[in-house]
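Biologist: Hi! Could you walk me through this model, starting with a pocket?

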Amino acid sequence: MAASADVVNKALIEIFETVPEYDTYGDPEALRVSEDTYRVALARLTKTWGDQLLELAEAPPTPLTGRDVSTIDALVEKISGILSLLNGLDRARTLGSEGTRRQALVETDAAILKALEDTSGMMQALDGPRSVSLWLKDNAGPIYRRLGRLSRDISRRNQVLLARRRSSNPDHGPLDRHA
């Protein structure tokens with residue numbers, strides 16, 4: 001499992017390097033490329049966590065209880081949901097000059113990055129000397145809650161990216177200027 005800690009650290013670095021430059025999100029092609037790169041990096045780390053958990057369930061000689069297996073299944077299900085959200089954005093709308101959506105992305109990404117760091121730290125504790133059952137007892141609940149928060153934040157990020165831009169003229173209401 002020590003190798004998985006290195007993979008997680010590299011994945012976190014990759015994510016920090018791919019955090020989007022929102023000033024370029026007025027250009028549909030720049031937005032697409034930046035979002036694709038960022039989402040792949042997020043998915044790669046999330047998949048690593050799922051792989052680590054599945055290794056626990058499949059690796060002998062660690063005897064897992066039925067409850068341990070159910071706990072691992074619940075965590076893997078949360079991870080699968082996150083991967084679906086990361087893959088679920090068909091078409092983002094350009095941001096234009098509207099600062100509200102840009103600020104919402106900045107805040108959401110900050111929350112996502114914090115949850116990734118926290119979860120990665122707990123997942124790296126799998127490399128320690130403790131038994132899997134003790135690790136699950138101490139970490140499964142907090143990880144499950146962080147994965148839930150991560151799902152909500154990614155969902156919120158998707159909503160911001162799909163939202164229609166508001167017209168600068170209040171008489172026109174919301175407009176999709178790039179469609």
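**A pocket and its helices**

Modeller: The lining of the second largest pocket has two nonpolar, four polar and three charged residues. Here Ala, Val, Leu, Ile, Met, Phe, Trp, Tyr, Cys and Pro are nonpolar, Asp, Glu, Lys and Arg charged, and the others, Gly among them, polar. The model is predicted, so to speak of local features takes pLDDT of at least 70, and side-chain atom pairs need 80 or more, while totals for chains, interfaces and linings use all residues. Numbering starts from 1 along each chain as its sequence is written, and side-chain values use heavy atoms, without hydrogens or water.

Biologist: Which residues line the second largest pocket?

Modeller: Thr-65, Arg-67, Asp-68, Thr-71, Ser-133, Leu-136, Lys-137, Ala-140 and Gly-141. A pocket is an open set of points on a 1 Å grid where a 1.4 Å probe fits, with protein on both sides within 12 Å along at least five of seven lines, and lining residues have an atom within 4 Å of a point.

Biologist: How much space lies in there?

Modeller: About 170 Å³, counted as the space filled by probe spheres set on the points.

Biologist: And which helix supplies the largest share of that lining?

Modeller: H5, with five residues. H3 and H5 (132-162) each give at least two. Helices are DSSP runs (H or I, at least four residues), numbered from the N terminus.

Biologist: How do H3 and H5 pack?

Modeller: Their angle is about 20°, with axes 9 Å apart. They are therefore roughly parallel. On the partners in contact (heavy atoms within 4.5 Å), H3 brings residues including Asp-68, Thr-71 and Ile-72, and H5 brings Ser-133, Leu-136 and Ala-140 among them. By class, the H3 and H5 contact has 14 nonpolar, six polar and two charged residues. Asp-68, Thr-71, Ser-133, Leu-136 and Ala-140 also line the second largest pocket.

Biologist: What counts as parallel, and what is an axis?

Modeller: Under 35 degrees is roughly parallel and over 145 roughly antiparallel. Axes are lines fitted to C-alpha atoms over the stretch in contact, and angles between N-to-C directions run from 0 to 180 degrees.

Biologist: Switching topic, at what angle does H2 pack on H3?

Modeller: H2 (residues 28-58) and H3 (residues 66-87) pack at about 165°, with axes 10 Å apart. That makes them roughly antiparallel. Trp-49 and Leu-53 are among the H2 residues in the contact, and Ile-79 and Leu-83 among those of H3. That contact divides into 15 nonpolar, two polar and two charged residues.

Biologist: What about H4 and H5?

Modeller: H4 (residues 99-124) and H5 pack at about 160°, axes 9 Å apart. They are therefore roughly antiparallel too. Their contact has 16 nonpolar, three polar and nine charged residues.

Methods
Parallel < 35°, antiparallel > 145°, perpendicular 65-115°, else oblique.
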